Amino acid sequence: MDAHAVPVAANPKLATGPIVLLGAPGAGKGTQAKQIAVHFGIPQVSTGDLLRDHVHRNTPLGQQAQAIMGRGELVPDQLVCDMVGQRLAEPDCARGFILDGFPRTVGQAHWLDGRLQAGLLRGKPAEKVPLLVIDIAIDHALLVERLTARRTCPQCGAIYNLHFNSPRQPGVCDVDGAALITRKDDREEVIVERLKTYERETLPLTDYYQKCGTLRRVDGGGTAEQIALAIRDLLEHRGG
Ligand code: AP5
Ligand code: MG
């Protein structure tokens, strides 16, 4: 998807509420979350981005998370849930939010259910919209190629790919001209570990949400534009 795409003005009449994007590393959660955020006018809450920011700022959480992320493992539930709880309490989340990369364990899903049931993450009763979980399903054989070719902008967070969505000028962000970087965990040996962690810890969540009746699936093997349209269709026709 073109990082230059003209943002569609947020439509406050569209149903929002809490949205979870599930999917393996490289499935396209970040790419899609950014599009939904612009279209629906609600924030993307990426636990990976929040944790990388803690690492960058060398906070106590960042110091604990850095080595864990470097091994492709998961940061302990309590630390991540506390971080998410703080972010979701901010006023911009009142109309809804897109969780990108959270929950990632059944324990995190229970925490989220508890918060939603207690009404702590929702706006006024009239604005309540049930949780919708969208699984971006993809053949894992495609992921290593996608992730090793990913480049990101450290300033604005734009996501590029050397094969599928390259910047106009190599190594330079189209949006703000910053030098693009490669994520430290996008080395092949770490990607393999991240995929194992996903299968062990996060894949069971698809069953969990299937049983709750909140799970919808999109085919993550299409182009970013095709997937964005499929997700938008799901969100605009969600029950509520
Ligand atoms: P996180 O940053 O969430 O990483 P991830 O889940 O491994 O997912 P990625 O960000 O790598 O992939 P994505 O699905 O966002 O794909 P993207 O859109 O960028 O987490 C990092 C680490 O933080 C974890 O390993 C863990 O240690 C820790 N962590 C995070 N959350 C946690 C939690 N809840 N609990 C505990 N620990 C946590 O796309 C990938 C590439 O493909 C890009 O180059 C993109 O341009 C390209 N692309 C996207 N869509 C398409 C398409 N349709 N066709 C072709 N190319 C495409
Ligand atoms: Mg991501």
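# Exercises on a predicted model

At 12% relative accessibility, Asp185 counts as buried. Buried means under 20% relative accessible area, exposed over 50%, and partly exposed in between, with a 1.4 Å probe and protein chains only. This is a predicted model: local features need pLDDT of at least 70, side-chain atom pairs count only at pLDDT 80 or more, and totals for chains, interfaces and linings use all residues. Residues are numbered from 1 along each chain as its sequence is written, chains are lettered from A and ligands numbered from 1 in the order in which they are written, and side-chain values use heavy atoms, with hydrogens and water left out.

## Exercise 1: Asp185

Place Asp185 in the chain and list what it touches.

Solution. 
- Start with the location. Asp185 sits in the loop between S6 and helix H7 (188-202). Helices (H or I, at least four residues) and strands (E, at least two) are DSSP runs, numbered from the N terminus.
- Next, the contacts, meaning heavy atoms within 4.5 Å. Not counting residues up to four places away in sequence, Asp185 touches Met69, Val190, Ile191 and Arg194.
- Last, the polar partner. The side chain of Asp185 makes a polar contact with the side chain of Arg183 (3.0 Å). A polar contact is a pair of N or O atoms within 3.5 Å; within protein, one must be able to donate a hydrogen and the other to accept it, and residues adjacent in sequence count only if both atoms are side-chain atoms.

## Exercise 2: Ligand 1

Solution. 
- Take the nitrogen side. An N or O atom in the side chain of Thr47 is 2.8 Å from a nitrogen atom of ligand 1.
- Take the oxygen side. A polar side-chain atom of Arg52 lies 2.9 Å from an oxygen atom of ligand 1. An N or O atom in the side chain of Arg183 is also 2.9 Å from an oxygen atom of ligand 1.
- Check the cover. Taken alone, ligand 1 exposes 1000 Å², and the protein buries 96% of that. Accessible areas come from the Shrake-Rupley method with a 1.4 Å probe; for residues, only the protein chains shown count as cover.

## Exercise 3: Helix H2 and its end

Which residues of helix H2 are buried?

Solution. 
- Read along residues 47-57. Thr47, Gly48, Leu51 and His54 of H2 are buried.
- Look down the axis. The buried residues of H2 fall within an arc of 120°, so they line one face of the helix. The arc is that of the directions from the helix axis to the C-beta atoms.
- Find the cover. It includes strand S2 (44-46), H3, H4 and S3.
- Step past the helix. Asn58 lies in the loop between H2 and H3. Its phi is near 55°, a positive value in a residue other than glycine. Asn58 is partly exposed, with a relative accessible area of 47%.

## Exercise 4: The largest core

Name the residues of the largest nonpolar core that touch the most other members.

Solution. 
- Define the set. A nonpolar core is a set of buried Ala, Val, Leu, Ile, Met, Phe, Trp, Tyr and Cys residues joined through side-chain atoms within 4.5 Å.
- Pick the residues. Of the 28 in this core, Leu99, Phe102, Leu112 and Tyr209 touch the most other members.
- Trace the suppliers. Those giving at least two residues each include strand S1 (17-23), helix H3 (60-70) and helix H8 (204-212). H4 gives the largest share, five residues.
- Zoom in on Phe102. Leaving aside neighbours within four places in sequence, its contacts include Val20, Thr47, Val80 and Trp111. A cis peptide bond joins Phe102 and Pro103, with omega about -5°. Pro103 is in the loop between S3 and H5.

## Exercise 5: Asp135

Is Asp135 buried or exposed?

Solution. 
- Locate Asp135 in strand S4 (residues 132-137).
- Apply the cut-off. Asp135 is buried, with a relative accessible area of 4%.
- Look across the chain. The C-alpha atoms of Asp135 and Thr206 are separated by 7.4 Å, though 71 residues apart along the chain.
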